[in-house]
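Notebook open, model loaded. I want to look at strand pairing first, then at the aromatic rings.

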Amino acid sequence: MILLISFLIGIQILDALATSPLHQFLYTPCNSSNVKDAAEAAINELNAHRSEGYVFRVQRIFNAEEIPEQDGNTLFYLVLDVLETECHVLSRKSWKECKIRSFYETVYGQCKVIINFNRHSDDWHLRNYECILQPVSSSAIVHICPDCPTPGDPSEANFQQTAWETLAKFNAENEHNHYFHLEKVTKARLQVKLKWSIFQQES
């Protein structure tokens, strides 16, 4: 009897799986208008969601997959190559208003984003994202531009001390109604000044 009940339950489960709709990925061209709209919505939602760091902008749509769902919803799975801009996310500026950093300040990487589009309400909703970024290596900067600043670790004591001293000097020398306090050092760069000597020989 127990075996018969187990067999009947198994048949019901298999029948339910067979009749349930399966989600199927649609590999969509990265240059299609739907994907471009999804990428722009994704980077806007992603930047709005973040509370630390700098505004990203899309450099390239690396990969795109689409899943049509019920009720007019469509899920987009995107892999975006991104660049960091000069605007902090707390400025709440659009990436279109922000300049790309100079070569020696460049931070680049990829964001994997899941975003939902509802055709009935014409709304986008960010489901999830993960970004991995890195700066241009110091060796690459020195090789191309020996005089350019190289990235440093903002948590290092020398950068922290310099930031505190600079802010203290600013508070002391400027007349304002508010006293500014250092909350966090988000960027640090180190530059070595090279001195060149020119020798001229007269005969």
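I started with the sheet: E3 (residues 73–88) and strand E4 (residues 107–118) run antiparallel, joined by eleven bridges. For my own record, strands (E, at least two residues) and helices (H or I, at least four) are DSSP runs numbered from the N terminus, and two strands pair if DSSP finds at least two bridges between them.

Before going on, a note on what I have: this is a predicted model, where local features need pLDDT of at least 70, side-chain atom pairs count only at pLDDT 80 or more, and totals for chains, interfaces and linings use all residues. Residues are numbered from 1 along each chain as its sequence is written, and side-chain values use heavy atoms, with hydrogens and water left out.

Which residue in E4 is the bridge partner of Tyr77? I found Ile114 there.

I looked up Val113 and found Tyr129 of E5 opposite. The two strands make a hairpin with four residues between them, and Asp122 in the turn has a positive phi of about 60°.

Then the rings. I count two aromatic pairs in the structure; rings of Phe, Tyr and Trp (its six-membered ring) pair if their centres lie within 6.5 Å, with planes under 30 degrees apart called stacked, over 60 edge-to-face and the rest tilted. Phe76 and Trp124 are a tilted pair, at 5.8 Å centre to centre and 45° between the planes.

Phe76 is buried at 3%, while Trp124 is partly exposed at 24%. Trp124 also pairs with Phe117: the centres are 4.5 Å apart and the planes at 35°, so I log this pair as tilted. Phe117 is buried, at 13%. I put Phe76, Phe117 and Trp124 down as one aromatic cluster.

Last, charges over rings (NZ of Lys or CZ of Arg within 6 Å of the ring centre and within 35 degrees of the ring normal). Arg50 lies over the face of Phe56, 3.8 Å from the ring centre. Arg101 has its charged end over the ring of Tyr54, at 4.5 Å from the centre.

How values were computed: Buried means under 20% relative accessible area, exposed over 50%, partly exposed in between (1.4 Å probe, protein chains only).
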